[in-house]
Amino acid sequence: MAGLSLYFEDGHDDLDDFGFDDYGSECDGIRITAFLDAGQDNLTPLGRLEKYAFSENVFNRQIVARGLLDVLREFSDNENDFISVMETVVRMSEDGEPTVRAELMEQVPNIAMFLHENRPNFPAAFSRYLVPIVVRYLTDPNNQVRKTSQAALLVLLEQGLICKADMEGKICPVLLELTEPSSDDDYKIEAVAIMCKLVTMLNKDTVELLLLLRFCELCSDARLFQVRKVCAANFGEFCSIVGQEATEKLLMPKFFDLCSDSLWGIRKACAECFMVVSNCTSPEVRRTKLSPLFINLISDQSRWVRQAAFQSLGRFISTFATPSSTGVHFHEDETLHEIPKSTEKNEHKGSCSDASCDHFPGGPASPGKSKKFSDTVIKPSQASEDPNHSRVPSSVKSQTADGGLGQPESLTTTQDQQTGDLFDSFHYWRPLLPDISQDLELLQGVGKDEVQRQEMVREVETVPDLDSEGPATSSRIQKVLECLQPHLDDPDVQAQVQVLSAALKAAQLESHTDDLDQDVLVSESGNTENPISTDKQAEMDTHLSNSQSTSPHVSEPSCVEAGLTENIVEVKDAIKYEICEEEKSKVQNVIPQQLLDQYLSMTDPVRAQTVDTEIAKHCAFSLPGVALTLGRQNWHCLKDTYETLATDVQWKVRRTLAFSIHELAVILGDQLTAADLVPIFNGFLKDLDEVRIGVLKHLYDFLKLLHVEKRREYLYQLQEFMVTDNSRNWRFRYELAEQLILIIELYSHYDVYDYLRQIALNLCSDKVSEVRWISYKLVVEILQKLYSCGAHDLSLNFINELVVRFCHCPKWVGRQAFAFICQAIVEEDCMPMDQFAQHLLPCLLSLSSDPVPNVRVLVAKALRHSVLEKPYFNEPGSAYSDELEEALSELRMDKDRDVRFFATLDPKRNVLDTAALL
């Protein structure tokens, strides 16, 4: 049909024979219903329709099919004629020419819409005449006709033009017939695609009754991989419709089979719809069944499957989110808001009574790590730390060792239990206390059972613990390094190796003190194994104190010894702190740890080479969702990854983070935002314009989350947004003006006057009118801020500056801007009207005689539609009524037509938009 216009031009002389005599040179195209007009054949319009609808000329039949909507409009006034036309349409649908049938089917959605609009007149016409045609064409032997009918059916479903009875009684039975195992392959593939799209427009009961079981059979179709691929691509839609129970009972086994299909395209489709499927399952199924399945897709042998899985990883993790763990919730306007602390605390207390089990790998989610974690992180000496206490000073530790401040074992156990009950994951944000368990054991005389228990624990650990074996000697550190060698591929292990290597060097430098320390330990052990009497011990203590007080030289070696011992302890503490920090970065129990590890690996450069070059961008895109799922208490798991993405070489990655940093700030709260996000935010401010625009678009949303002191620091940097890489990027400055309008409320009137005022005035002089127009509104907001805060002196200074800069501007654009600003000030009630009349009205009236018509147009509009509408000016006794009427009289007689129009137009009428004049 592409050459139809050419055919008309060449065969114009022959059109009279076909009844298209209305086509002429003065028309852009033919009138489709011209054949209905009276001619020499003396036939009625219906008879003429019959003549051309069943003409031997295919072209005539095509034209009739194309003009059926106009034909129905012609005969819609008479019900009998309308029914005759519909019967003619049914007969035309049986035309042997495929092009005629395709033309007819293309008009069905338009005819259906016409019938829907005229339903009172023809309530059952569509269901009676057109739906059977659509259903029959689904099995048409011609491929073009089938495709056209499928497209028409989808349009009808989307528009809601097919009733439920027709879908269940006419369409679904045909689809079920076409998806039978014995059906033709082409029909079967097309029918599956239609059924998957149809399911989103049906209710749950209909899908479960008619289509669910057949869909499960199609998912296992062993002969046609195209069928399985279509089912995999639309699996999420079926799960969303049928709900959780049917999904877990009937669809989950099929989904497992599709995820392990031999064709990578089917596995890839499963990875793409994984999030939707996960949303339709219970948390237990999501954690125990779907998570291992997704790990298999991430490690798939096909790169395309791995790529799709990594792209869906963040979205899948987001399905684990719950308000109790995230600390925030969505409002109806789809914005994040923090849950009040009292509510959050109650929810935390109710859902996490055993915090050590719910938040860390010692819980049910990862029983394999509970032993190691309890030995390396929650040791008895560390579990009793108080949140309000800091690291124990060395003096206190030596006092404990020398003064014999030991506690019974039962008391220590009781304190440990109490601390475990009061445990909060937030406590692990502080530096850990030093390990003094061995000193306590030596002083308290720990029994052999306790020693044996500790030895058994050390044997279970894969990597030796330095703390459990005493001081960090070179041999022990070397042993730990040897155990870590097979795991150097892990970035966390690499960090531990670096720390231990530094500790090894420190231990070697202090190796000359080992003998002295050993003698001291042996002496103390001997005293412990052979306790002396209480009286003799007291005598020795008295003699020792006297000798120390009388002989200062004796105390010097002990001071050196204490210093060396303290250095060794500090090195050991540093090693333990670094190791615990590395392990702590992986501690969370919100999602399976394997999922988090795979997500954190998306920033690895190796992934970009083996999976997807834009994998870092996908990681950045889904990071707010992952952070929301883990909650702010687990931000340490993502902090390093976020910093890595923020310094990525690809600006698209940084741009993605810039557009979402304000949402992440809501998730993390003010403290973490100030500590971790503000430095990255500052870096984005100095980045490329493509990155800066993301920060600028949500500048107000981010600044309002900061404290007042931190927020004021950005007043000095707002001016930097005026400078762009490309001066033609006027939308950047437009966005700045919009944000400044919002930001005004965050600062005091002094800050607004000192910093924002100059930026606003500069924007008012921009070369682009759109920027100037929004900047005038910014100026008005600044003036309103000053008057609302009672800063009259600053307000008068600002008004005088506006008068000098705009009213007396040599360019007409500036004087026009002054008229617009005056109008906005009056309409927004930014200042008292007596102040306006005193300081701004005289200048505005002076512009009524401006030589430029565009200026006078704005003056006329401001006076007629804004100033005179205020009671202060339109009251009979007003002191300014005479001046205003005189100025308006001159404007009504202006030589410019537009000026006269706005000077005489009734304000109650719809005023034309004059923004284009700015």
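Predicted model: local features only at pLDDT ≥ 70, side-chain atom pairs only at ≥ 80, totals over all residues.

Student: Which residues are buried in H32?

Tutor: In H32, the buried residues are Gln593, Leu595, Leu596, Gln598, Tyr599 and Leu600. That is six of the eight residues in the helix, which spans 593-600, so H32 is largely enclosed by the rest of the structure. The cut-off behind that reasoning is a relative accessible area under 20%. As for what does the covering, the cover over these buried residues includes H16, H17 (303-318), H33 (605-610), H34 (615-630) and H35 (639-646).

H16 runs over residues 283-298, and its axis comes within 11 Å of the axis of H13 (residues 235-259), with a crossing of roughly 15°. That makes the two helices, H13 and H16, roughly parallel, and H13 passes H16 in a left-handed crossing. On the H13 side, the contact uses Glu248, Met252, Phe255, Phe256 and Cys259, which meet Val285, Lys289, Leu290, Leu293 and Leu297 of H16. Sort the residues of this contact by type and you get eight nonpolar, no polar and two charged.

For another helix pair, look at H9 (residues 164-178) and H10 (residues 185-198). Their axes are 8 Å apart, and the packing angle is about 140°. H9 and H10 are therefore oblique to each other; the cut-off for roughly antiparallel is over 145 degrees. The H9 and H10 crossing is left-handed. H9 brings Met167, Ile171, Cys172, Leu175 and Leu178 to the contact, while H10 brings Tyr187, Lys188, Ala191, Ile194, Met195 and Leu198. By type, the residues of the H9 contact with H10 come out as 10 nonpolar, no polar and one charged.

The loops have something to show as well. Leucine 715 lies in the loop between H39 (708-712) and H40 (730-743). Leucine 715 is buried, with a relative accessible area of 3%. If you set aside neighbours within four places in sequence, leucine 715 is in contact with Tyr747, Asp751, Tyr755 and Leu756.

Now try aspartate 829, in the loop between H44 (812-828) and H45 (833-839). Aspartate 829 is not a glycine, yet its phi is positive, at about 55°. Aspartate 829 is partly exposed, with a relative accessible area of 45%.

Zooming out, the protein has 50 helices and two strands. Buried residues account for 46% of its 918 residues. Of the contacts between residues at least 6 apart in sequence, 70% join residues at least 24 apart. The accessible surface of the protein comes to about 46,200 Å², and 51% of that belongs to carbon and sulfur atoms.

Notes. Residues numbered from 1 in each chain as written. Heavy atoms only, no water. Axes fitted to C-alpha atoms, helices over the stretch in contact; angles between N-to-C directions. Helix = DSSP H or I, 4+ residues; strand = E, 2+ residues; numbered from the N terminus. Parallel < 35°, antiparallel > 145°, perpendicular 65-115°, else oblique. Left-handed = near helix turned anticlockwise from the far one by under 90°. Contact = heavy atoms within 4.5 Å. Nonpolar A, V, L, I, M, F, W, Y, C, P; charged D, E, K, R; others polar. Buried < 20%, exposed > 50% of the residue type's maximum accessible area, 1.4 Å probe, protein only. Areas by Shrake-Rupley, 256 points an atom, 1.4 Å probe, with all protein chains shown as cover.
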